[in-house]
Each structure stands twice: as C-alpha cells, then as structure tokens.
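Open your viewer and get ready to select a few residues at a time. We will walk from stop to stop, and at each one you will hear what to click and what is there.

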Amino acid sequence: MSKSPIDRLLKPVHRFIHQEFTGGIILFVSVVVALVWVNSPFSESYHHLWETELSIGLGKGAFKHPLHVWINDGLMALFFFVIGLELKREFMAGELSTVKKASLPMGAALGGMLVPALIYGIINVNQPSISGWGIPMATDIAFALGLLSLAGKHIPAPVKVFLSALAVADDLGAVLVIAFFYTAQISFAYLALAAIFLTALVAANFLGVRSTLIYLILGVIVWACFLFSGVHATIAGVLVAFSIPARTKIRESEYIDQIKDYTDQFERAIPLHGPLMTAQQHHIIERIKTVSQDAETPLQKIEHGLHPWVAFLIMPVFALANSGMHIGSNFFASLVNPVSLGVIAGLVVGKLIGVFSFTWLMVRLRVSRLPAQTTWKHIFGVALLAGVGFTMSLFITGLAFTDPIHVDSARYGILLASIISGCAGILYLRSLR
C-alpha cells in the first residue's frame, strides 16, 4: 500500500525524532554514570581522566591540552558543525525555509532566550556572576525530543516538528551569543587567516567542488585558526558547515531517467548460472552507484553520516566529562546562591514564560498561526520541556565562568532545572490524553 504525500513528508522528521530520542536516552545514561562515578570512592579517577594531557602535532608544532579541552573545543566543534548543517538545511528546505514557516519557532525561540537571560540578570545584578546570563538561554534538543516522545503517542506529529524547529532556532541563537559575547581577546591575524580559508571553502562550493576531503582539510585549518584567534573554535564548525554544497550534481528528472535506463540494461543482461554477476551487470551497478552519489547533496550526505556520531558518541562523551558533580547532604543548601537560583528560575520559569508568551504574541498579531492539530495546551507543554537546557547550558557555563564555585553552582542549577522542567513537561503532556 503506497504512502500518502503527508506520510512521505513526515518520514524524515520521524526518523530524526527517533534518533534524537535514542540519543537522549544515551545522553541521560552518560549523565547518570558521571554522577555515580564522581560520588563513588573512585571519584579521583574521574577527575584524573579528564585532566590527562593529550598532544597532537608534528615536530615542534603541537597542540597539547587536557582531554576535557579536546572534548570541549575539538569534539564540540564537530557538534556545532552538524548544527550548522541542520541550520542550513532548515533554512533552505525545512521548517525555517520561509517567513511563514520560520516566524513561529523563531519567535518562540527568541522569547525562550530573552526572558531567561533577563531573569538571570535580575537575580545576579551587580554580582561577578552576571556573566552567566547566557546559561539559561539554551534548550537541549536531544533531551527535549526524547522526553516529548515519552509523553505518549497521542502527541500530534506537528507538535514534535514545532519543538524540533524551536530547538534548531534556539541553537542558532546560542551560536550567536557564544560568537559575540563569550569570546576572549581576539588575534586578528589568525582571524584574517581563517577568513582566507573560509573564502576558499565558499569558492570551492561556487566552483562545484564536491570532494568531502577538500572541505575536511580546509575545515580543519579554519578550526585551528579560530582556536588560536581567541574566538571560540566551535564557531568555526558552524561557518564551515554553511560552506558545504547543498546542490545535487544532476537534476531529479535526469536521475530518474538514468536509473530507469540502467535498470532496463541490468534486466536485459544475461546472468551467469549461479550467485555471481556478469562483468556487464557489475559495471551497470557501479554506474548506478555513481549517478546516485551525483543525486545526493554533499550537505545531506555529510549530515546523515555524522549525526549518529554526534548523537551517540560526542554528546554523551561531553556529558560524561562535564556533568560530574558532587551531590552531598548539603546539595540543596548549595543551591541557595545567585548563580544556581538564576539558572533554575531562568530555565524553569523563564523558558516557560518566554516560549509561551512569544508564541501567543505571534499568533495574536497574526504574524503566524499554530501548526495543524496543535492546541495551546500543547504549546504550554512544549514550553515546559524547553527548560531542559542540559548540553548547551553546560557548554556555555564553561565559557562564562572561570571560578570553580560559580561553575559548580551553575551545574547544580542546570541539573535541578532540567529535572524539574522535564518531569513537569512529561506529566503535563501525558495528562492531555
């Protein structure tokens, strides 16, 4: 039985959400492992592991950093690269491709960033910890979509699509915040060098270069230049992603005609007796492989290949390395400080108010409208889940603070806020049956 156009349209979305759901489970397991490890008799081995020096280089030129720096500046650059690929795809042909489609999730994401930052700023005004205002601005897409899936099958697919678009737009906001507000002293020489290689990447795209090796080599050079420039190296991942070609080598109609021709040739070829193919059949299959590669966009091919690595390896390793925190008898007492209170209030209350109110405002002003089958109760539930800001919030914490006390306070706040928002969101959405 053939599927309807709507089913075919939503199939990639369902696949993406399923992958995020599974990734969210692995991410949760990584957090639990880190917490158990740090609060066990083997806690010293946890800290010793991430402080292990790792050196990569040739001759006198070498990168030498602790393992946790390689994870936060190296592996997370790949994470941001995939985010950049997702953003480019969404802007070209996804939920952010038109003003009509993008206005609602972009507006909701804007509210979900501004209100939490404002709440944190009010609580930490005139405090050294004011620099952490960006921490409660982020939503963790893997956790949020995973929790939404746990809410039940009665949740309409457009609600999941809206949360996905909201989280992607939120990622764009987080990238801009990191680029403009969490950047150290800038070396313009290295930044100019990065600009030269970025220009080379754009030129390669314009000239029709499709070799992933070329983009890999130039991309690594851009990352290294950003690392030395003072601008956080993860920004290089997003910029390189936007240079990846998003055009096919042949048109869809041409691909269909060639595939039909090759399958006809394959069918007419006289087979050998037994399991082996003739040389002619093998040659036809190789042609089909080549033309199929020409029909793929490098952007989607790379994103499809890297997304499982990011979801199932990079994000869990990052969570394992950054969520280890001691939880003793004074855990709740340690939350009574401006940093923890600002993060908790920003994520739990600020996200809820910001996402819901800005969505309501966009609909009220008739700039946009609610997705099909979506009610305001669904939007309220999504706004609750948006308060789960684990991965990106932890990442921004490392950029915002150097004081270990502030870092620990922010981590405690992120953990508790994510638990509160996640549980509240699931219980509320399940009650809508």
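## Stop 1

On a 1 Å grid over the protein atoms alone, a cavity is a set of points where a 1.4 Å probe fits but cannot get out, and lining residues have an atom within 4 Å of a point. The structure holds three cavities of 30 Å³ or more.

Before moving on, note that this is a predicted model, in which local features need pLDDT of at least 70, side-chain atom pairs count only at pLDDT 80 or more, and totals for chains, interfaces and linings use all residues. Residues are numbered from 1 along each chain as its sequence is written, and side-chain values use heavy atoms, with hydrogens and water left out.

## Stop 1: an open space

Now select His68, Val69, Asn72, Asn322 and Gly398. Of the 33 residues that line the second largest pocket, these are the closest to its centre. A pocket is an open set of points with protein on both sides within 12 Å along at least five of seven lines. This one holds about 760 Å³ of space.

Which helix gives the most to the lining of this pocket? Colour α15 (390-400) to see the answer: α15 supplies five residues. At least two residues each come from α2 (43-50), α3 (67-93), α12 (298-322), α15 and α16 (404-430). Helices (H or I, at least four residues) and strands (E, at least two) are DSSP runs, numbered from the N terminus. By kind, the pocket lining has 17 nonpolar, twelve polar and four charged residues.

## Stop 3

Select residues 141-150, which make up helix α5. Eight of the ten residues in α5 are buried, where buried means under 20% relative accessible area, exposed over 50%, and partly exposed in between (1.4 Å probe, protein chains only). The buried ones are Ile141, Ala142, Phe143, Ala144, Leu145, Gly146, Leu147 and Leu148. After α5 comes Gly152, with a positive phi near 125°.

Next, select residues 212-229, helix α8. How far apart are its end C-alpha atoms? They are 25 Å apart, which agrees with the 26 Å that its 18 residues should span at 1.5 Å a residue. The expected span is 1.5 Å times one less than the number of residues. Among the buried residues of α8 are Tyr215, Leu218, Trp223 and Phe226. Cys225 also counts as buried because its relative accessibility is 6%. Gly230, which follows α8, has a positive phi near 105°.

## Stop 2: cysteines and rings

A disulfide is a pair of cysteine sulfur atoms within 2.5 Å, and the count comes to zero.

Rings of Phe, Tyr and Trp (its six-membered ring) pair if their centres lie within 6.5 Å; planes under 30 degrees apart count as stacked, over 60 as edge-to-face and the rest as tilted. The count comes to eleven aromatic pairs. One of them joins Trp37 and Tyr46, edge-to-face, at 5.2 Å centre to centre with 80° between the planes. Is Tyr46 buried or exposed? At 2% relative accessibility, Tyr46 is buried, while Trp37 is partly exposed at 24%. Then select Phe79, Phe80, Phe318 and Phe395, a cluster linked by ring pairs.

## Stop 3: two loop residues

Most residues other than glycine have a negative phi. Select Asn126, in the loop between α4 and α5: its phi is positive, near 60°. Asn126 is exposed, at 77% relative accessibility. Finish at Arg366, in the loop between α13 (338-364) and α14 (376-385). Arg366 has a positive phi near 60° and counts as exposed at 77% relative accessibility.

How values were computed
Grid points are joined across faces, edges and corners, and a volume is the space filled by probe spheres set on the points. Ala, Val, Leu, Ile, Met, Phe, Trp, Tyr, Cys and Pro count as nonpolar, Asp, Glu, Lys and Arg as charged, and the others, Gly among them, as polar.
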